[in-house]
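Take a look at the structure first, and then read along.

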Amino acid sequence: MLLVDDHDVLYRPGTELMLDLKGHDRRLSDLAARAIEASGTSGRITVCSQDWRLLEPFRHHPDVRVVHSVGNARQLERLRRRHEGSLA
């Protein structure tokens, strides 16, 4: 497991970092959001999770792209309803 504090080992300019948040503990996303802020990293970061509540701390961060992962038909339908009208 790569610790967020060790990200500079793999992160190079022009590289997009992707964090796939697992589980359901909201403390994980809060810790990751604070680590991103504290790192001063400039560059694109993608954060994804099937537990969409974990994505909330990243919604308004200018350098973070939020991806709502879908693992089954029920989640796909929820995603369609969530974005209904905004995809037209």
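## A pair in helix 2

Let's begin with Glu-77, which is partly exposed because its relative accessible area is 34%, between the 20% and 50% cut-offs. In this predicted model, Glu-77 forms a salt bridge with Arg-80, and their closest N and O atoms are 3.9 Å apart. Both residues belong to helix 2 (residues 73-82), where they are 3 residues apart, about one turn of the helix. Arg-81 joins in too: Glu-77, Arg-80 and Arg-81 form a linked network of salt bridges.

## Asp-51 and its surroundings

Which residue does Asp-51 meet in a salt bridge? The partner is Arg-53, at 2.9 Å from N to O. Asp-51 counts as buried, with 8% relative accessibility, whereas Arg-53 is partly exposed at 43%.

You will find Asp-51 in the loop that runs between strand 2 (45-49) and strand 3 (64-68). Beyond its neighbours within four places in sequence, Asp-51 has contacts with Gly-23 and His-24.

## Another salt bridge

Asp-25 pairs with Arg-27 in a salt bridge, with 2.6 Å between the closest N and O atoms. Here Asp-25 is partly exposed, at 36% relative accessible area, and Arg-27 is exposed, at 60%. Across the whole structure, a search finds 7 salt bridges.

## Confidence

The protein chain has an average pLDDT of 81, and 78% of the residues score at least 70. Strand 2 has the highest confidence, at a mean of 93, and helix 1 (residues 26-39) the lowest, at 87. A friendly caution: where pLDDT is low, predicted coordinates should not be read in detail.

Definitions and conventions
Residues numbered from 1 in each chain as written. Predicted model: local features only at pLDDT ≥ 70, side-chain atom pairs only at ≥ 80, totals over all residues. Heavy atoms only, no water. Helix = DSSP H or I, 4+ residues; strand = E, 2+ residues; numbered from the N terminus. Contact = heavy atoms within 4.5 Å. pLDDT = per-residue confidence, 0-100. Salt bridge = Lys/Arg side-chain N within 4 Å of Asp/Glu carboxyl O. Buried < 20%, exposed > 50% of the residue type's maximum accessible area, 1.4 Å probe, protein only.
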